[in-house]
Amino acid sequence: MVDHVQSLARGLAVIRAFSAAEPELTLSQVARATGLSRAAARRFLITLTDLGYVRADGRLFALTPRVLELGYAYLSSLSLPEVADPHLERLAAEVRESASVAVLDGEDVVYVARVATARIMRVSISIGTRFPAYCTSMGRVLLAALPAEALESYLSRACLRRLTSRTIMLPAALRAELDEVRERGWAMVDQELEEGLRSIAAPIRDRTGRTVAAVNVSTHATRTSLQAAERDLLPPLLATAARIEADLASLSSARA
């Protein structure tokens, strides 16, 4: 390939030769791990040392913290959807159901990331789709995380319309449901937005513990019972939320 810069590829190979298991390497070990000659490995190590990415201690070489700058440049360019997308793909593949991330905007949830495995609603869901927060699993997770004053303001102005025979319409009943969501740390909504649609959601928190988004898995009621959803979907959902949170924490550190 004409545009391939071999020297850059070899330099990166030298950096990747170091690991948690082998944080310090001799010249011979670097040459062996990368397939370079000792002379070539030495040139790359000297260059990386001059640039501050590698330090030399006698016969041993090791990476310096400056190497983190290479990763931070990438992390700093990411947004929430870009952070979430690979985790949603993994979750959807694991549970074989659609997975999404949404944020709260006024009285609605707005989808910012989604991996769909099948269409289970009458309407098509895409990035930017909005639904009322009160009758969605992600909306309830986000509402439950609001400060008391903000939640009361929401309940005073929200129009709780009956979308199905199961939709919670009374503010007092919704408040009680949100109390339960807050206590257990996740939300399940059973056919309140649309008949046949069942979903389960968990919060995504930033490094300060503030809920900034929600992640959910949606399924059809004929395919997954409430008990099966809690048993089979909740554990991988919570694990996905934790992985997204870890990446967001790294992103926050990179931007600090």
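Predicted model: local features only at pLDDT ≥ 70, side-chain atom pairs only at ≥ 80, totals over all residues.

Biologist: Okay, helix 2 to begin with. Which of its residues are buried?

Modeller: Leu-27, Val-30 and Ala-31 are the buried residues of helix 2. Looking down the helix axis, they fall within an arc of 100°, so they line one face of helix 2.

Biologist: And which exposed residues sit on the face turned away from that buried side?

Modeller: That face of helix 2 carries Arg-32 and Ala-33, both exposed.

Biologist: What covers the buried residues of helix 2?

Modeller: The cover includes helix 1 (6-16), strand 1, helix 3 and strand 3 (60-63).

Biologist: Let's take helix 3 from that list. At what angle do helix 2 and helix 3 pack?

Modeller: About 105°, with the axes 9 Å apart; helix 2 spans residues 27-34 and helix 3 spans residues 38-51. An angle from 65 to 115 degrees counts as roughly perpendicular, so helix 2 is roughly perpendicular to helix 3.

Biologist: Which residues make that contact?

Modeller: From helix 2, Leu-27, Ser-28, Val-30 and Ala-31. From helix 3, Arg-38, Ala-41, Arg-42 and Leu-45. By class, the contact has five nonpolar, one polar and two charged residues.

Biologist: What follows helix 2?

Modeller: Gly-35, and its phi is positive, near 80°.

Biologist: What about the strand 1 you mentioned? Where does Thr-26 sit?

Modeller: Thr-26 is in strand 1, which covers residues 24-26. Thr-26 has 11% relative accessibility, so it counts as buried. Leaving out residues up to four places away in sequence, it touches Arg-59, Leu-60 and Phe-61.

Biologist: Switching topic: which residues of helix 7 are buried?

Modeller: In helix 7, residues 148-157, Leu-151, Tyr-154 and Leu-155 are buried. They fall within an arc of 95° seen down the axis, so they line one face of helix 7. The face turned away from that buried side carries the exposed residues Glu-149 and Ser-156.

Biologist: What do the buried residues of helix 7 pack against?

Modeller: They pack against helix 6 (137-144) and helix 8 (171-184).

Biologist: How do helix 6 and helix 8 pack with one another, then?

Modeller: Helix 6 and helix 8 pack at about 80°, and their axes are 9 Å apart. That makes helix 6 roughly perpendicular to helix 8. On the helix 6 side, Arg-140, Val-141, Leu-143 and Ala-144 take part, meeting Leu-174, Glu-177, Leu-178, Val-181 and Arg-182 of helix 8. The tally by class is six nonpolar, no polar and three charged residues.

Biologist: I also had Ala-173 on my list. Where is it?

Modeller: Ala-173 lies in helix 8. With a relative accessible area of 34%, Ala-173 is partly exposed.

Biologist: Now the loops. Where is Glu-97?

Modeller: Glu-97 is in the loop between helix 5 (80-95) and strand 4 (98-105).

Biologist: Buried or exposed?

Modeller: Glu-97 is buried: its relative accessible area is 5%, and the cut-off for buried is under 20%.

Biologist: What does Glu-97 touch in there?

Modeller: Not counting residues up to four places away in sequence, Glu-97 touches Ala-92, Thr-117, Val-217, Ser-218, Thr-219, Arg-223, Thr-224 and Leu-233. With Thr-219 there's a side-chain polar contact of 2.8 Å.

Biologist: And Arg-96, what's its phi?

Modeller: Positive, about 60°, although Arg-96 isn't a glycine. Most residues other than glycine have a negative phi. Arg-96 lies in the loop between helix 5 and strand 4, and at 70% relative accessibility it counts as exposed.

Biologist: How about Gln-191, what's the phi there?

Modeller: Gln-191 has a positive phi too, near 60°. Gln-191 is in the loop between strand 7 (187-190) and strand 8 (197-205). It counts as buried, at 9% relative accessibility.

Biologist: Great, thanks, that covers my list.

Conventions. Residues numbered from 1 in each chain as written. Heavy atoms only, no water. Axes fitted to C-alpha atoms, helices over the stretch in contact; angles between N-to-C directions. Helix = DSSP H or I, 4+ residues; strand = E, 2+ residues; numbered from the N terminus. Parallel < 35°, antiparallel > 145°, perpendicular 65-115°, else oblique. Contact = heavy atoms within 4.5 Å. Nonpolar A, V, L, I, M, F, W, Y, C, P; charged D, E, K, R; others polar. Buried < 20%, exposed > 50% of the residue type's maximum accessible area, 1.4 Å probe, protein only. Polar contact = N/O pair within 3.5 Å; in protein donor to acceptor, adjacent residues only side chain to side chain. Arc of directions from axis to C-beta.
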